[in-house]
Amino acid sequence: MHIPPQPGAQRGIPSLTVPAQSPAYPTPKTARAIRRFASQNPPPSPQPEAEQALIPTQEIPSTLRFCVTTPPAPAAAKPARPVATVATPTQPLVPFGYHGSVGPPLPQISFEIVAECPHTRARAGLLHTPHGVIETPVFMPVGTQATVKGLTQRDLAEDLGVAILLANTYHLYLRPGHELIRQMGGLHQFMSWPNAILTDSGGFQVFSLSGLRKIDEQGVVFNSHLNGDRHAFTPESIVDVQLAYGSDIQMVLDECPEYPVSHEYARQSMQRTVRWATQANRHFLSRIAQSPTRHALFPIVQGSMFPDLRRECATALADLDTDGYAIGGLSVGEPRPLSLEVVEATEDILPRSRPRYAMGVGMPAELPEYVARGVDMMDCVLPSRNARNGYLFTSEGRVIIKHARYKDDARPLDPNCPCYTCRTYSRAYLRHLFQAGEILFSVLATRHNVQRYLDIMREIRDAIRSGSFPEYLRCARAASPEAG
Ligand SMILES: [Zn+2]
């Protein structure tokens, strides 16, 4: 594939070269479940014509991780499963507020810029939500199953100062189900989380199912990776699911193509994403028009790694005049510099007055690079997932805790870190916990890694406000990518 010169270089923003990243979703465990299910439940054959036309199986390498390639089943396969759909609910929306308290109508979610870097595209701002004001640029820890693995809500809200969490629409829809969450008072009350919640659309997960889903203009039908039940997502139903959750910030249903894909397929896919975003936004506006609750809906810029398609998509989505914009289709196996390039391609098109959210990024050294390209919000599973695997991010570089050199190391994990783990335990003790397979290791390691990400974002915000962000960026680049 032709990769044009990086616009970043033209603007004096050198590219970052870091190792390729694994896809953020699904997790290896989920991928195993998908493969197991696929082997036991081959899809019905023949496939509908629409699916055959729209899924470019010839252009997706079979070596892509997490892609399930299942041979067609005989024509006399078992009868089709019923498809579960989300009916437009007649119940009122979830009452606003922590523990379900109902208050007066609140101001809409809004964003204000408090400082801008004159040399890069970085800006510091305040994102006002019904569940608190969020200082941006912000990193959002990922709570896939309405929990950040290894941490309590008190750890997150009170000790770490997390202002906004990400939860996963697809996983919570399948289990425990959006209707149950609605009955429990919404996601904030269900998980006892006092601050803001952003939910993704589920598009990334559904399209990761590969052979277990089919797409047409109405939406996507897929088989649950848990039990094989068939479900349908439409642009409208995903809005209703997220309203049942009471999410402060919702994402529209989008198609997230694998990498690489052809320009033609990426164009078709991007145009469908724009049509879905238009439908979703229309439905969202009608649903919230008479509601006392306050939410925002972000459409998602797609277009694979083609800057021209990204710009076309951003231009179309900007016309929707939504409360913010997400940039999706990142961390799908592409080289890291390419991720930065496609983010930069749309920076001057997306409205300056709205927050921009780069989905699923990145490594610590990349955080200031995205901020330098105008990104205000980011999320990634890396700090929590890597923590559980013994990969720790410190201000002095990475620490692979299983290495023998830490066996009798009495120093704290990171002497510059204020977290409970670093104030209390030695590297030797952490290594012992890891080697022994103790649960406490995951708890302590996750606590530290999330703290490290939050500290980086705090440093970035301070640097933008004080006018020293270019110097901060230079120092970050001077350090090795692993120094994050
Ligand atoms: Zn620490």
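Student: Which strands form the open sheet with parallel pairing, and in what order?
Tutor: This is a predicted model. In it, 5 strands form that open sheet, in the order β6-β7-β8-β12-β13.

Student: Which strands stand at the edges there?
Tutor: β6 (142–143) and β13 (296–298). Each has a single partner strand, so one side of each has no neighbour in the sheet.

Student: Take β7 and β8. How many bridges join them?
Tutor: 4 bridges join β7 (residues 164–167) to β8 (residues 196–199). The two strands run parallel.

Student: And what stands opposite L165 in β8?
Tutor: I197.

Student: What about the sheet with mixed pairing, which strands are in it?
Tutor: That open sheet has 4 strands, ordered β1-β11-β10-β9. Its edge strands are β1 (83–84) and β9 (213–216). Each of these pairs on one side only.

Student: Do β10 and β11 run parallel or antiparallel?
Tutor: Antiparallel. 4 bridges join β10 (residues 219–223) to β11 (residues 230–233). V221 of the chain stands opposite A232 in β11.

Student: Where's the hairpin?
Tutor: β2 and β3 form a hairpin, with 6 residues between them. β2 covers residues 110–116 and β3 covers residues 123–129. They pair in the antiparallel sense.

Student: How many bridges in that pairing of β2 and β3?
Tutor: 6 bridges. In β3, L127 is the bridge partner of F111.

Student: Switching to helices. At what angle do α10 and α11 pack?
Tutor: At about 10 degrees, with their axes 10 Å apart. α10 spans residues 263–288. That angle makes α10 roughly parallel to α11.

Student: Which residues make the contact?
Tutor: From α10, they are A266, R267, M270, T273, V274 and A277. From α11, they are L309, C313, A316 and L317. By class, the contact has 8 nonpolar, 1 polar and 1 charged residues.

Student: α11 also packs with α12. How far apart are the axes?
Tutor: The axes of α11 (residues 307–318) and α12 (residues 336–345) are 8 Å apart. The angle is about 40 degrees.

Student: Why call α11 and α12 oblique?
Tutor: Roughly parallel needs an angle under 35 degrees, and roughly perpendicular starts at 65. The angle here is about 40 degrees, and α11 and α12 are therefore oblique to each other.

Student: Is that crossing left-handed or right-handed?
Tutor: The crossing of α11 and α12 is right-handed. P307, R310 and R311 in α11 meet E341, V342 and A345 in α12. This contact has 3 nonpolar, no polar and 3 charged residues.

Student: Now α16 and α17. What's the geometry of that pack?
Tutor: α16 (residues 427–435) and α17 (residues 439–466) pack at an angle of about 130 degrees. Their axes are 7 Å apart. α16 and α17 are therefore oblique to each other. The crossing is left-handed.

Student: What's in the contact there?
Tutor: L430, L433 and F434 come from α16, and L440, F441 and L444 from α17. By class that is 6 nonpolar, no polar and no charged.

Student: Which residue has a positive phi although it is not a glycine?
Tutor: A146, with phi of about 60 degrees. A146 is in the loop between β6 and α4 (153–159).

Student: Last topic, confidence. What does the chain average in pLDDT?
Tutor: The average is 84, and 78% of the residues score at least 70. Over residues 1–26 the pLDDT is below 50. Beyond near neighbours in sequence, that stretch has 56 contacts in the model.

Student: What about residues 43–73?
Tutor: pLDDT stays under 50 there too. The model has 48 contacts for residues 43–73 beyond four places in sequence.

Student: How should low pLDDT coordinates be read?
Tutor: Not in detail, where pLDDT is low.

How values were computed: Residues are numbered from 1 along each chain as its sequence is written. This is a predicted model: local features need pLDDT of at least 70, side-chain atom pairs count only at pLDDT 80 or more; totals for chains, interfaces and linings use all residues. Axes are lines fitted to C-alpha atoms, for helices over the stretch in contact, and angles run from 0 to 180 degrees between N-to-C directions. Angles under 35 degrees count as roughly parallel, over 145 as roughly antiparallel, 65 to 115 as roughly perpendicular and the rest as oblique. A crossing is left-handed if the near helix is turned anticlockwise from the far one by less than a right angle, and right-handed if clockwise. Two residues are in contact if their C-beta atoms, placed from the backbone, lie within 7 Å. Ala, Val, Leu, Ile, Met, Phe, Trp, Tyr, Cys and Pro count as nonpolar, Asp, Glu, Lys and Arg as charged, and the others, Gly among them, as polar. Two strands pair if DSSP finds at least two bridges between them. pLDDT is the predictor's confidence in each residue, from 0 to 100.
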